[in-house]
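Have a go at each task before reading its solution.

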Amino acid sequence: MELFEAITTRRSIGKVKEDQVPLPLIEKVLEAATWAPNHHRTEPWRFVVLQDDGRQGLGRVYAEIALEKDSMLTDEERDSIYEKQMAKAFRAPVIIAVIVTPGDQANVIKQEEVAAGNAAVQNMLLAAHALGLGAIWRTGKPAYHNKMKSFFGCQEKDEIVGLIYLGYSDLKVVPPPRISFREKTIWVSEDHKSIR
């Protein structure tokens, strides 16, 4: 697939088939992530790949986070929430957590390390699309919760920048319209004194 075709046709695929994704394809997606730009060549990312029963722990963490909000639930309500949250970990046959560990060097800026992790995620999404896979980048409040960080073995300074749900698409995707770059761009040259 040509680069600009991949960029303009990639979509977030929230519904995928249960079919297993071959290991070589998962490895290609991970390899693509490692070629993202990163200041000072820190390569601050690491990945945790969940498959099969390995997803159950993630489901339990989703449930624990959801259940801690309300202690006045009936057993039936708790069971319902638990099942619903557990199902989130089984929406795709492969889930890849992308975690950033900012470097300790004096010249390292945390925001730049997180930006590098985000660039790695974009590479993963484009690679998945080019390989015929569907993927979606998920976060939300649970991704930043201490229980989630603990599940993935994060240190205090680590950041989870995304959970990539990966599989074969089960959706027919209709491209949404995008606002033209022309409406979002200011051109500055010698004859412009200031930007407004």
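**Exercise 1. Locate isoleucine 7 and find out which surface patch holds Ile7.**

Step 1. Isoleucine 7 is found in helix 1, residues 3-9; helices (H or I, at least four residues) and strands (E, at least two) are DSSP runs numbered from the N terminus.

Step 2. A word on the ground rules: this is a predicted model, where local features need pLDDT of at least 70 and side-chain atom pairs count only at pLDDT 80 or more, while totals for chains, interfaces and linings use all residues. Residues are numbered from 1 along each chain as its sequence is written, and side-chain values use heavy atoms, with hydrogens and water left out.

Step 3. Isoleucine 7 counts as partly exposed because its relative accessibility is 41%; buried means under 20% relative accessible area, exposed over 50%, and partly exposed in between (1.4 Å probe, protein chains only).

Step 4. Together, Leu3, Phe4 and Ile7 make a nonpolar surface patch of about 320 Å². Patches are made of residues with over 30% relative accessible area and no salt bridge, with like charges joined within 9 Å and nonpolar side chains (Val, Leu, Ile, Met, Phe, Trp, Tyr) within 5 Å. Accessible areas come from the Shrake-Rupley method with a 1.4 Å probe, and for residues only the protein chains shown count as cover.

**Exercise 2. Decide whether leucine 163 is buried or exposed, and list its contacts.**

Step 1. Look in strand 4, residues 159-167, for leucine 163.

Step 2. Leucine 163 counts as buried because its relative accessibility is 0%.

Step 3. Beyond its neighbours within four places in sequence, leucine 163 is in contact (heavy atoms within 4.5 Å) with Leu58, Tyr62, Ile95, Ile96, Ala97, Ile136, Trp137, Arg138 and Phe152.

Step 4. Now compare sequence with space: valine 49 is 114 residues away from leucine 163 along the chain, yet their C-alpha atoms are 9.6 Å apart.

**Exercise 3. Count the salt bridges in the whole structure, then examine some of them.**

Step 1. The whole structure has four salt bridges, each a side-chain nitrogen of Lys or Arg within 4 Å of a carboxyl oxygen of Asp or Glu.

Step 2. One joins the side chains of aspartate 158 and arginine 46, at 3.6 Å from N to O. Aspartate 158 sits in the loop between helix 6 (146-151) and strand 4, and arginine 46 in strand 1 (residues 45-51), so the pair ties together parts 112 residues apart in sequence. Aspartate 158 is buried at 1%, whereas arginine 46 is partly exposed at 28%.

Step 3. Another pairs lysine 147 with glutamate 68, at 3.3 Å from N to O. This pair links distant parts of the chain, 79 residues apart: lysine 147 is in helix 6, and glutamate 68 in the loop between helix 3 (56-67) and helix 4 (75-88). Lysine 147 is partly exposed at 32%, and glutamate 68 is partly exposed at 44%.

Step 4. Aspartate 104 and lysine 157 also meet in a salt bridge, at 2.6 Å from N to O.

**Exercise 4. Find the polar partner of the threonine 42 side chain.**

Step 1. Threonine 42 lies in the loop between helix 2 (23-33) and strand 1.

Step 2. With a relative accessible area of 17%, threonine 42 is buried.

Step 3. Not counting residues up to four places away in sequence, threonine 42 touches Gln105, Val108 and Glu113.

Step 4. The polar partner is the side chain of glutamate 113, at 2.7 Å. A polar contact is a pair of N or O atoms within 3.5 Å; within protein, one must be able to donate a hydrogen and the other to accept it, and residues adjacent in sequence count only if both atoms are side-chain atoms.
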